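Dear colleague,

Here is the structure I said I would pass on. My notes on what was found in it follow below.

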Amino acid sequence: MATSTTAPDADRRESRAGSPARGPARRPRGPRRSLLPYLLLAPAVVLELAIHVIPMVVGVWMSLLELTQFHIRDWSTAPFVGWENYRATLDLNSAAGKELLHSFWITLAYSLLSVGFAWLLGISAAVVLQRPFRGRAILRALFLTPYALPVYAAVITWSFLLQRDTGLVNHVLVDQLGLLGERPFWLIGDNSFWSLLVVSVWRNWPFAFLCLMAGLQNVPGELYEAAAIDGAGFWRRLRSVTLPMLRPVNLVLLLVLFLWTFNDFNTPFVLFGGSAPEQADLISIHIYRSSFKTWDFGSGSAMSVALLLFLLVVSAAYLLITNRRRDDHA
């Protein structure tokens, strides 16, 4: 009996010893698998080079040439002037430097006011629409309409609304409400800056509203309940709960809005037809006029490169300051 019971066990042990050890399955590594990530990234890299990097390099090279209407057909004949375009453009004692500085201050004021009002409207709408009520979905869709409209269609509509004799704005303010004694010009003179600001805020605040509304979805409701139990009112909850929780969203949102607004070309170009008044002469329009109106592409390229460097410095300083504050709070 003992022999009959141990024989099968011995056979099993021999079969197990003879069978190869089973380990974790290894995935074959070959050249095709190692090249797959690069092949997937190749279209994005090619488009980035074609749309951003190569035009940027060409613009820097153009800023070092005396590229005027006499050499635009053949760049090889354009004289190399080095930093002369930058000296002439950034010389604040010259007429060109004073005009560029004037456009810079107007653009800075326009950007700060536009970003501030857009953020204020965005946070107000996001907080109001945070709680569910009847018709909330309709209001959300309505508030996002300016952001969904094409920029040319939206700004052209505003240009018709702001016309002096046939515009709806003057019709309502003068004829219907009687708030003004005479029809003002909204697209020339001092009013042109405020008209441009209104259109910019109208276009940008839905983006701020969308980002802040998404950020509020991640704020735990328990924080508001605890604050309400402690006796905190609406403004106290807004200051102590909502804004601190939205700080990461606000840091990115404000930087993006500032860069978009400071570089904005479509809004003033469509609103004023490419010849903005002096009171609304943004730096983007100033560069366009210097390049395509006077055919001095060398100076226009130098202004563009200087603008790019300024925005890079502002972005780096902003990120450095905000990261340092975040580390201090942590």
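H11 gives the most to the lining of the second largest pocket, with 4 residues. Helices and strands are DSSP runs (H or I of at least four residues for helices, E of at least two for strands), numbered from the N terminus. A pocket is found on a 1 Å grid over the protein atoms alone: it is an open set of points where a 1.4 Å probe fits, with protein on both sides within 12 Å along at least five of seven lines, and lining residues have an atom within 4 Å of a point.

This is a predicted model, in which local features need pLDDT of at least 70 and side-chain atom pairs count only at pLDDT 80 or more, while totals for chains, interfaces and linings use all residues. Residues are numbered from 1 along each chain as its sequence is written, and side-chain values use heavy atoms, with hydrogens and water left out.

To stay with the second largest pocket: its volume is about 380 Å³, a volume being the space filled by probe spheres set on the points, which are joined across faces, edges and corners. Its lining has 13 residues, and Val127, Gln130, Arg131, Tyr224 and Arg237 lie nearest its centre. At least two lining residues each come from helix H10 (221-229) and helix H11 (234-245). By type, the lining has 8 nonpolar, 3 polar and 2 charged residues. Here Ala, Val, Leu, Ile, Met, Phe, Trp, Tyr, Cys and Pro count as nonpolar, Asp, Glu, Lys and Arg as charged, and the others, Gly among them, as polar.

The largest pocket has a volume of about 780 Å³. Of its 26 lining residues, Asn263, Ile287, Ser304, Val305 and Leu307 are the closest to the centre. Helix H2 (31-62), helix H14 (283-293) and helix H15 (297-329) are the elements that give two or more residues to this lining. H15 has the largest share, 11 residues. The lining of the largest pocket holds 17 nonpolar and 9 polar residues, and no charged ones.

On the fold as a whole, the protein has 15 helices and 0 strands. Of its 330 residues, 33% count as buried, where buried means under 20% relative accessible area, exposed over 50% and partly exposed in between (1.4 Å probe, protein chains only). Among contacts (heavy atoms within 4.5 Å) with a separation of 6 or more, 65% are between residues 24 or more positions apart.

The unreviewed UniProt entry annotates "transmembrane region" at residues 35-61, 104-129, 141-161, 193-216, 245-262 and 301-321. UniProt positions are in the numbering used here, feature names are shortened, and annotations may be inferred rather than shown by experiment. In the model, residues 301-321 are 100% helix, with end C-alpha atoms 30 Å apart. Residues 141-161 are 86% helix and 0% strand, with end C-alpha atoms 23 Å apart.

Phe258 lies in helix H12 (residues 247-262) and counts as buried because its relative accessibility is 11%. Leaving out residues up to four places away in sequence, Phe258 touches Leu108, Ser111, Leu112, Val115, Leu311 and Val314. Phe258 and Ser114 are 144 residues apart in sequence, yet their C-alpha atoms are 8.4 Å apart.

Trp295 sits in the loop between H14 and H15. The phi of Trp295 is near 60°, a positive value in a residue other than glycine. Most residues other than glycine have a negative phi. With 38% relative accessibility, Trp295 counts as partly exposed.

Regards
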